[in-house]
Amino acid sequence: MPVNSNSEPKQRANRQIKWLEPLALLFPSGFWLVAFLLVPTVFILIQSLVPLGKDGFGLDNYLRVFEYVGGNFIYLTVVWRSLLYAVITTGFCLLLGFPVAYWLAVIAPKRWRNILLLLFVLPLWTSSLLRSYAWITILRPTGVLNTFLNFLGLSGINFLNKAEGVIIGMVYTYLPYMVLVLYTSLERLDLRLLEAAADLGANSRQTFWQITVPQVSSGIIAGTALVSISSFSDYINPQLLGGPGSRTIASIIELQFLGASSNRGFGSAISMVLILAVTIVIALLIKYGDRRVVSDG
């Protein structure tokens with residue numbers, strides 16, 4: 001049968017329409033990402049390549065990260081301190097958050113789980129700045145904690161303006177995120193495997209490490225990545241709860257942009273280093289983490 005000559009243009013037009021439909025759906029979010037994420041990042045990258053007081057482009061700002069003054073790598077020390085805070089915070093959040101998430105997902109009555117979960121994440125509804133100021137009220141020498149210790153006849157302790165105070169504030173801030181991510185994985189835990197392991201003579205430790213952890217390993221990776229990224233770039237807790245020796249990479253960036261001796265090029269270079277580190281962690285999270293957590297988060 002002869003092919004209708006009018007059918008080919010119609011088919012071509014239909015294919016073009018089908019090709020344009022996804023673009024039309026992606027345009028609002030795509031425009032938002034390009035305008036408010038990609039374009040500012042490109043500006044920061046360009047600015048990071050402009051050395052202070054020099055013409056043209058160069059890597060001077062990035063090399064300054066390795067600056068060695070007075071027998072110390074001053075900026076690498078700050079990066080190391082930020083990484084140390086992130087590792088300690090993530091470890092405490094995992095140790096404290098896993099039992100809570102397990103109790104919420106497995107042990108707590110089903111009719112109360114949503115309410116209990118809501119109560120646990122309720123602090124996230126308040127400003128992080130207000131929460132940090134609340135911890136100042138608790139940890140200061142004449143605060144709630146020392147007043148209670150003195151009432152018991154114990155000597156007071158001072159965590160404010162120290163690394164300990166920063167860790168306490170960061171753990172309090174990011175613990176709910178860890179619990180939410182772990183809860184998402186633990187609620188899908190196959191309890192029949194736990195019962196089978198008990199029937200076969202496995203003790204609680206063996207059941208935990210060989211049955212529970214493998215099933216929720218992706219959630220553990222996702223929670224660890226989320227908390228580590230957030231705590232590594234935290235600004236408020238180190239700034240309010242820490243002292244001069246508790247500066248982190250975020251505070252150094254703030255000083256380079258808004259401080260008295262500002263250097264926007266160097267601040268942009270540190271920002272790009274931070275963006276690169278976060279991008280690497282997110283890529284690992286997408287590849288090895290809980291895909292449901294990534295898509296829902």
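Here is the tour, starting with the whole chain and then moving to single residues.

Before you click, know that this is a predicted model: local features need pLDDT of at least 70, side-chain atom pairs count only at pLDDT 80 or more, and totals for chains, interfaces and linings use all residues. Residues are numbered from 1 along each chain as its sequence is written, and side-chain values use heavy atoms, with hydrogens and water left out.

**Stop 1: the whole chain**

Switch to cartoon view. The chain has 14 helices and 2 strands; these are DSSP runs numbered from the N terminus, with helices (H or I) of at least four residues and strands (E) of at least two. The radius of gyration is 26 Å, well over the 19 Å that the globule rule gives for 297 residues, so the chain is more spread out than a compact globule. (That radius is taken over C-alpha atoms, and the rule is 2.2 Å times the number of residues to the power 0.38.) Along the principal axes, the C-alpha atoms fill a box of roughly 100 × 70 × 35 Å.

Now try colouring by burial. Of the 297 residues, 32% are buried. Buried means under 20% relative accessible area, exposed means over 50%, and partly exposed is in between (1.4 Å probe, protein chains only).

**Stop 2: Arg-113**

Select Arg-113, which sits in helix H4 (residues 110-120).

Leaving aside residues up to four places away in sequence, Arg-113 touches Leu-104, Ala-105, Val-106, Ala-108 and Tyr-183. Touching, or contact, means heavy atoms within 4.5 Å.

**Stop 3: the salt bridges**

How many salt bridges does the structure hold? The count is 2. For one of them, show Glu-67 and Arg-64, whose closest N and O atoms are 3.3 Å apart. Glu-67 is partly exposed at 27% relative accessible area, and Arg-64 is partly exposed at 28%.

Next, show Asp-190 and Arg-192, which meet in a salt bridge at 3.1 Å, N to O. Asp-190 is partly exposed, with 24% relative accessibility, whereas Arg-192 is exposed at 62%.

**Stop 4: Asn-161**

Jump to the loop between helix H6 (144-151) and helix H7 (163-186), where you'll find Asn-161. Look at its backbone: Asn-161 has a positive phi of about 65° although it is not a glycine. Buried or exposed, or something in between? With 48% relative accessibility, Asn-161 counts as partly exposed.

**Stop 5: two distances to draw**

Select Trp-80 in helix H3 (residues 74-107). Trp-80 is exposed, with a relative accessible area of 53%. Draw a line from its C-alpha atom to that of Asp-234: the pair are 154 residues apart along the chain, and the line spans 14 Å.

Finally, pick Leu-23 in helix H1 (residues 7-48). Leu-23 counts as partly exposed, at 43% relative accessibility.

Methods. Salt bridge = Lys/Arg side-chain N within 4 Å of Asp/Glu carboxyl O.
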